[in-house]
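Here is a short briefing on one structure.

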Amino acid sequence: MPSPPRPLARLFAPTPRTVERETLDIELSDGRTVPLQRVRDPRARRMKLSVDERGARLTIPMRASLATADRFVTEHRDWLAAQLERFAIDGVPSLEPGVDVQLPLRGALHDVRWQAGRFTRLDHANDGTGDLVFTHPARAGDTAVRRAVRDFLEAQGRADVGRWMPRYLPALPRAPRRVTFKIMSSQWGSLAPDGSMALDLSLVLARPSAFEYVLVHELCHLIHADHSRSFWREVEARCPQWREERDYFHAEGRRLKATLRALCGKV
């Protein structure tokens, strides 16, 4: 049986254009100048201003003019300043070779020592002090330093997962296909249909019990793909204090994600 004819509007609808992005500086009501990412999105139906740990973002429908967009931002400058203040964090270390700093790891701060070396690398000190040692060549650039931090955090995250996961695998239908670490904007973890697990790298900065809860949460999705009562019973059986860890993320989540982005940037 032939399929019914498609409406003419669909047959002759123009092909959607790609998303266009640009970053510009705007002045807030308090006099500060901050970057704003302006995104023209063919899927957008209305203008939207949003703020997260990555900064401010203005989404514009294709039909809207830039003059209209500028007026929209001007009208919401007070709101924008207040939201950016919510995401502001203090005490994020500036990673400059030779400058004394402390780096967060597993819910605690660790002193960093700098030493000259051939390669840029971050690791634990081997003297039992709990300090971290940042090895770097004389001309280590910002990108190399940030990459070393990210590589170190990923290694620590893999070590934690490797330590915790074996105790949960016997009661699961299968093991995750693989586990990767990413810098996520809002999620803490995800499980793809093929069994691949992704975890937010900022979990390595959090207290270990909260990190382990997220791992348990994603592992339980191997049993139930949804968030049904049956799913939460599986989580409860493996992590009875999951509500406390959820509250921890509500209180500390923004700070953790913002700290990670400050340390690692987009590397």
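The second largest pocket holds about 460 Å³ of space. This is a predicted model, where local features need pLDDT of at least 70, side-chain atom pairs count only at pLDDT 80 or more, and totals for chains, interfaces and linings use all residues. Residues are numbered from 1 along each chain as its sequence is written, and side-chain values use heavy atoms, without hydrogens and water.

**Pocket**
- A pocket is an open set of points on a 1 Å grid over the protein atoms alone where a 1.4 Å probe fits, with protein on both sides within 12 Å along at least five of seven lines; lining residues have an atom within 4 Å of a point.
- The second largest pocket has 21 lining residues, with Gly189, His217, Glu218, His221 and His227 nearest its centre.
- Strand E10 (189-191), helix H5 (208-220) and helix H7 (242-264) each give two or more residues to this lining. Helices (H or I, at least four residues) and strands (E, at least two) are DSSP runs, numbered from the N terminus.

**Aromatic rings**
- Seven aromatic pairs turn up in the whole structure. Rings of Phe, Tyr and Trp (its six-membered ring) pair if their centres lie within 6.5 Å; planes under 30 degrees apart count as stacked, over 60 as edge-to-face and the rest as tilted.
- Phe231 and Trp232 are edge-to-face, because their centres are 5.0 Å apart and their planes at 75 degrees.
- Trp232 and Trp242 are stacked, at 4.4 Å centre to centre and 25 degrees between the planes.
- Trp232 lies in helix H6 (residues 229-238) and Trp242 in helix H7, so this pair ties together parts ten residues apart in sequence.

Notes
Grid points are joined across faces, edges and corners, and a volume is the space filled by probe spheres set on the points.
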